[in-house]
Each structure stands twice: as C-alpha cells, then as structure tokens.
Amino acid sequence: MVKILIVDDESFMRDLIRKALKMISYSDIVEAVNGEEAIRKFKENKPDVVFLDLKLPDMHGGKVLKVFHKNKKINSKCKIIIVSTVAQEEMGQNNQLTLKEAKELGAVSWVIKPITPEKIIIAVREALNKLN
C-alpha cells in the first residue's frame, strides 16, 4: 500500500489533496501542518510520496526537503511533489531553493497553486511511476 504525507499549513489545501487522492483509491494518508511535524511524520511513517508546500509557518519547505534528503535511508525511494505558488521557472528567484537543488534533493514534480484534483492526480501518478 502506498503511504502519502501531505505537508501544508492550510487545512483546505490538505483537504483538497486528500480528497483528490481518495478519488483514486489512496487512503493511507498522513498530514502535517508545519515543517517540524513534517520531519517527525516523515521519520515515523516512511512515506512513498510527499506533497510539500514551500511556505510553512515555522520553516521554508526547502529546509524540510533538505532534512528529508539527509534522512534518505528512511525511505530512499520516497518521491517529493512540491506544492507552491511559485512556478518551477521562478524557483531560486527570491526563494531559498533553486529548481536544480530541489531536483537533487528528490523533488520529482511541481503542482502550482491554485491546485485542482486533476493536478494532484497527475502529479501522484507521475511520482509513483518513478518509484517503479
């Protein structure tokens, strides 16, 4: 069974992602509202896929991504999907994370807000294809 971690401080965003995932029969879903909780739940739950918002209340999502990467032995196959208002092309401009760094740290896809269930479904299917 695929385990998914959703990291976003906005409850309506977590709800939207969770509902989209349930539409395609993914139900083993864990949620975190900030970076510290995300890191703890990543270590405890060993997710296969993580939806990671870059703007979190306690730390930038780029820092969380770096911690995930350092703990890669927890789940070396985990695929990260960045969820952000920042397009891939804009990463690195006034942000703490460049597109190249994100890819090197395990990000495999980006979902640009505003998100739709269709964007979530496409992103998770692409990430899971990279697991195999």
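**A stacked phenylalanine pair and a parallel sheet**

Phe68 counts as buried, at 3% relative accessibility (buried is under 20% relative accessible area, exposed over 50%, partly exposed in between, with a 1.4 Å probe and protein chains only). The model is predicted, so local features need pLDDT of at least 70 and side-chain atom pairs pLDDT 80 or more, while totals for chains, interfaces and linings use all residues. Residues are numbered from 1 along each chain, and side-chain values use heavy atoms, without hydrogens and water.

A search of the whole structure finds 1 aromatic pair (ring centres of Phe, Tyr or the six-membered ring of Trp within 6.5 Å; planes under 30 degrees apart are stacked, over 60 edge-to-face, the rest tilted). The ring centres of Phe42 and Phe68 are 4.1 Å apart and their planes stand at 15°, so the pair is stacked. Because Phe42 belongs to helix H2 (residues 35-45) and Phe68 to helix H3 (residues 61-70), the pair ties together parts that are 26 residues apart in sequence (helices are DSSP runs of H or I with at least four residues, strands of E with at least two, numbered from the N terminus).

Turning to the strands, 5 of them form an open sheet with parallel pairing, in the order S2-S1-S3-S4-S5 (paired strands share at least two DSSP bridges). Strands S2 (29-32) and S5 (107-112) stand at the edges with a single partner strand each, so one side of each is left without a neighbour in the sheet. Further in, 4 bridges join the parallel strands S1 (residues 4-7) and S3 (residues 49-53); in S3, Phe51 is the bridge partner of Ile6.
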